[in-house]
Amino acid sequence: MRVEDLTHDWIGSRRLANTIHFRSYRALAIESSCDDSCIALLERTKPNQTPTIIDHAKRTLHSADVGGIMPTAAYTYHMATIANMCREFCKKHGISATSPPDLICVTRGPGMAGSLSSSTEFAKGLSVAWDVPLVGVHHMLGHLLTSFLPQQSQPNQTPPPQFPFLSLLCSGGHTLLVLSKSISEHEIIINVSDIAVGDSLDKCARELGMYGNMLGRELETFIDNIPQHEKDEFEDMNVGTRIGNKYKFRLTLPYQTPKNGKFNQDDIQFAFAQFLSNIQEYKKKFYVSDSNSDTFDDKTKRMIAYKTQEYIFDHIIDRINLSMKKHGLRRQADGKFIGVCDFVCSGGVAANKRLREKLFKDLKFDEIGQSPFKFHFPDLSLCTDNAIMIGLAGMEIFEKLKLKTDLSFTPLRKWPLNELTTVDSWVKVNDDEINRVCKY
């Protein structure tokens, strides 16, 4: 045999070996914690590499006509949707009993119990039928990790955040500031004492007469269309008092008493329920009782919408700045945030461009009022609930934590993020199963 033939055979063998060594593995993910039925397929070819999004799909229950999401209606919708949706999706991508995915990831919680159970039970059936491991994923961990995925709208990608980092998780069901030290270590710095920011925005929009399935987005669009000269007028208007305020509309930030304003208070919290109460009380006092009308004139409606959204986001900024004074880098702080270089904002409300602007502009983290952090926002399409984030989080749990979920697990309506690995039904995965699934 000629030397050239030996060389050719050696090169071909190396190529074949490399092909086998880096053969990809695929994860099928399902999400149904609220009113969205979602499915996605992700593929990873190398350890620590961001997985490729092969495809994803979403179908949403229309709930605008009934004034919000009804748990029983959402459960029925998912039960009627997920199986057929999955069958169509699997047929499209050649997934079957003879060619199954290597891992199944499904949202275990937190969320509405009925909505969760519709997909968790379906995922268990797939796991048994295809004989592949299953990971029950924390919904908010999925949101937290979305900033690791590339943004389709940005040609120049920024590096993903590095642990430890801070996350503002803001959605219809949760508002949290979280310090994440690893995939499994999460400390809740600020929680919400009443309702989440997304829920508050939705309720305020509905009280202002807006209609739609995503009322927070409708509110944002409505405010974006306000003429700039009116925005300038509303911005300069003092609503802290009714004196000199021609609309007599009053707003204050929650927790602004001298006691609650101290930076070293033990428990810093978000609170958003009062913003709806302000609108309701204003309507009752100045529109229902005085003019026998339950609707605002157009300009008043624009003013209330603008000021309410601004104050809701100002409250978020105020609480985070307060936590930075307590845990940041200042001499009188406890230094809990030392080493943090990245700030993530994710969840449905993170899609709001005004919130993003105010985070950039108004967060003040050090002694001279500058932010030493790099900001990370998920792609707009990944801010709302989706199965892609569940697949990513499930793959990270399986590979990094070497955990899967026993099929006896049940959905968790409440599941604190700082208790990610302490709930029942986690099963340790040995290296043989890791290698069999991941095929690296």
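The side chain of Ser 323 reaches the backbone oxygen of Ile 320 at 2.7 Å, a polar contact in the sense of an N or O pair within 3.5 Å, where one atom must be able to donate a hydrogen and the other to accept it, and residues adjacent in sequence count only if both atoms are side-chain atoms. This is a predicted model, in which local features need pLDDT of at least 70 and side-chain atom pairs count only at pLDDT 80 or more, while totals for chains, interfaces and linings use all residues. Residues are numbered from 1 along each chain as its sequence is written, and side-chain values use heavy atoms, leaving out hydrogens and water.

Ser 323 sits in helix H9 (residues 298-327); helices here are DSSP runs of H or I with at least four residues, strands are E runs of at least two, and both are numbered from the N terminus. Its relative accessibility is 0%, so Ser 323 counts as buried (under 20% relative accessible area; exposed is over 50%, partly exposed in between, with a 1.4 Å probe and protein chains only). Leaving aside neighbours within four places in sequence, Ser 323 is in contact (heavy atoms within 4.5 Å) with Leu 177, Ile 189, Ile 190, Ile 268, Gly 328 and Phe 337.

Now for Arg 242. This residue lies in the loop between helix H7 (228-236) and strand S9 (269-270), and is partly exposed at 37% relative accessible area. Not counting residues up to four places away in sequence, Arg 242 touches Lys 248, Arg 250, Lys 285 and Phe 286.

On to the helix pairs. Axes are lines fitted to C-alpha atoms, over the stretch in contact for helices, with angles from 0 to 180 degrees between N-to-C directions.

| Helix pair | Angle | Axis distance |
|---|---|---|
| H2 (residues 71-92) and H3 (residues 113-130) | about 30° | 8 Å apart |
| H5 (residues 197-207) and H6 (residues 215-224) | roughly 65° | within 7 Å |

H2 and H3 cross right-handed, whereas H5 passes H6 in a left-handed crossing (left-handed if the near helix is turned anticlockwise from the far one by less than a right angle, right-handed if clockwise). The H5 contact with H6 involves Leu 201, Asp 202, Ala 205 and Arg 206 of H5, plus Leu 215, Gly 216 and Leu 219 of H6.

What about cysteines? The whole structure has 0 disulfides (cysteine sulfur pairs within 2.5 Å). For Cys 383, the nearest cysteine sulfur, that of Cys 345, is 7.5 Å away. Cys 383 is buried at 0% relative accessible area.
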